[in-house]
Amino acid sequence: MNRAIITGATGAVGTALIKELINRNIEVLVFCYDGSKRNNRIPEHPLVTKKYCSLQQLSEIQNDTGKTYDVFYHFAWDGTVGTARNDMYLQNKNVSYALDAVEAAKRFGCHTFIGAGSQAEYGRVEGLLCPETPTFPEMGYGIAKLCAGQMTREHAHQRGLKHIWVRILSVYGPNDGSQSMVMSTIEKLQRGEVPQFTKGEQLWDYLFSEDASRAFADLGEHGGDGKTYVLGSGQAKPLADYIKIIRNAVNPDMDIELGAIPYAPEQVMHLQADISELVEDTGWKPQVSFEEGIVRILEGLHSGE
């Protein structure tokens with residue numbers, strides 16, 4: 001891989017992937033929404049070029065760069081938080097945008113399309129999540145991700161492209177959304193606010209964004225055509241343990257209220273990736289512990305990064 005394209009590059013995984021590709025001396029073309037306040041997160045580097053293109057413009061964007069690209073990473077997605085996750089019309093549009101992304105990949109000369117799926121494609125499952133685990137999504141977001149993965153696979157193959165789909169579990173790190181458990185807890189503790197949670201008995205699998213970015217870069221080089229991979233650390237522990245690690249890193253004297261919030265009616269209680277196929281195909285393994293990852297986030301916040 002010499003050149004790559006990334007959509008949705010201003011989140012935790014996207015920004016980390018840009019940095020990882022730079023480290024590998026890979027040229028990056030970033031499709032970003034004109035006017036987005038998050039565009040300043042995109043690293044400034046000679047290997048990085050920005051091209052303004054919204055999801056709605058993917059169907060018409062043309063390759064005027066004079067270059068051909070190798071791998072197309074599609075992270076961009078509308079309606080990822082709140083009630084929008086169950087907006088069926090909005091989520092259905094995302095499937096069309098994903099197909100448009102395949103066409104854009106073809107126009108830019110890419111040989112591989114890699115799409116970002118989600119653990120939401122599975123619904124509620126007890127036990128390890130692997131590519132063969134039956135999928136029963138329970139909301140529009142998960143339904144659309146599942147559909148997008150299947151339809152882009154077929155469409156990519158029709159257009160002569162290799163296809164890889166990555167179901168992401170809980171990735172955290174710099175540039176993560178403020179509504180995530182990790183970032184919202186850090187922000188509340190730093191404000192001196194006592195954060196409230198469920199009992200935290202859920203078994204959860206967290207992966208640092210830098211590790212996730214290495215996985216995506218490795219898949220661009222070695223991922224199997226037509227395959228679905230599950231991306232997580234492969235290890236799970238009670239959510240309460242993660243919360244205490246965050247508290248201890250921010251301020252060990254602060255209180256936290258576990259059990260103050262009831263579980264949701266359809267609470268997912270076990271979220272853990274089977275990463276064996278990912279490891280076998282690419283040699284990738286997670287390297288950053290949750291404790292170290294939280295320290296890195298806090299260092300970045302303190303430095304203003």
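**View 1. Helix H4 is followed by Gly192, whose phi is positive, near 80°.** H4 covers residues 181-190. Helices here are DSSP runs of H or I with at least four residues, strands are runs of E with at least two, and both are numbered from the N terminus. Seven of the 10 residues of H4 are buried, so the helix is largely enclosed by the rest of the structure. Buried means under 20% relative accessible area, exposed over 50% and partly exposed in between, with a 1.4 Å probe and protein chains only. The buried residues of H4 are Met181, Val182, Met183, Ser184, Thr185, Ile186 and Leu189. This is a predicted model, in which local features need pLDDT of at least 70 and side-chain atom pairs count only at pLDDT 80 or more, while totals for chains, interfaces and linings use all residues. Residues are numbered from 1 along each chain as its sequence is written, and side-chain values use heavy atoms, with hydrogens and water left out.

**View 2. Seven strands form an open sheet with parallel pairing.** The order is S3-S2-S1-S4-S5-S6-S10. Two strands pair if DSSP finds at least two bridges between them. Strand S3 (48-52) and strand S10 (227-231) stand at the edges, each with a single partner strand, so one side of each lacks a neighbour in the sheet. From one strand to the next, the twist averages 20°. Axes are lines fitted to C-alpha atoms, for helices over the stretch in contact, and angles run from 0 to 180 degrees between N-to-C directions.

**View 3. Strand S1 (residues 3-7) is mostly covered.** Four of its five residues are buried. Five bridges join S1 to the parallel strand S2 (residues 27-32). Ala4 stands opposite Val28 in S2. Between S1 and S2 the chain passes through helix H1 (residues 12-23), and this β-α-β crossover is right-handed. That is, with the strands pointing away from the viewer, the path from the first strand over the helix to the second runs clockwise. S1 is also joined, by four bridges, to the parallel strand S4 (residues 71-74). Here Ala4 stands opposite Val71, and Ile5 opposite Phe72.

**View 4. H1 lies across S1, S2, S3 and S4.** H1 runs at about 175° to S1. H2 also packs on the sheet, touching S4 and strand S5 (112-118). The direction of H2 makes about 165° with that of S4.

**View 5. Helices H2 (residues 88-107) and H3 (residues 140-158) pack with their axes 9 Å apart.** The angle is about 25°, which makes H2 roughly parallel to H3. Angles under 35 degrees count as roughly parallel, over 145 as roughly antiparallel, 65 to 115 as roughly perpendicular and the rest as oblique. H2 passes H3 in a right-handed crossing. A crossing is right-handed if the near helix is turned clockwise from the far one by less than a right angle, and left-handed if anticlockwise. Contact residues include Val95, Ala98 and Leu99 of H2 and Ala144, Cys147 and Met151 of H3. Contact means heavy atoms within 4.5 Å.

**View 6. H1 and helix H5 (residues 209-222) pack at about 60°, with axes 8 Å apart.** That angle makes H1 oblique to H5. The crossing is right-handed. Among the residues in contact are Ala12, Val13 and Ala16 of H1 and Ser209, Ser213 and Phe216 of H5.

**View 7. Arg153 lies in helix H3.** Neighbours within four places in sequence aside, Arg153 is in contact with His163, Trp165, Gly226 and Thr228.
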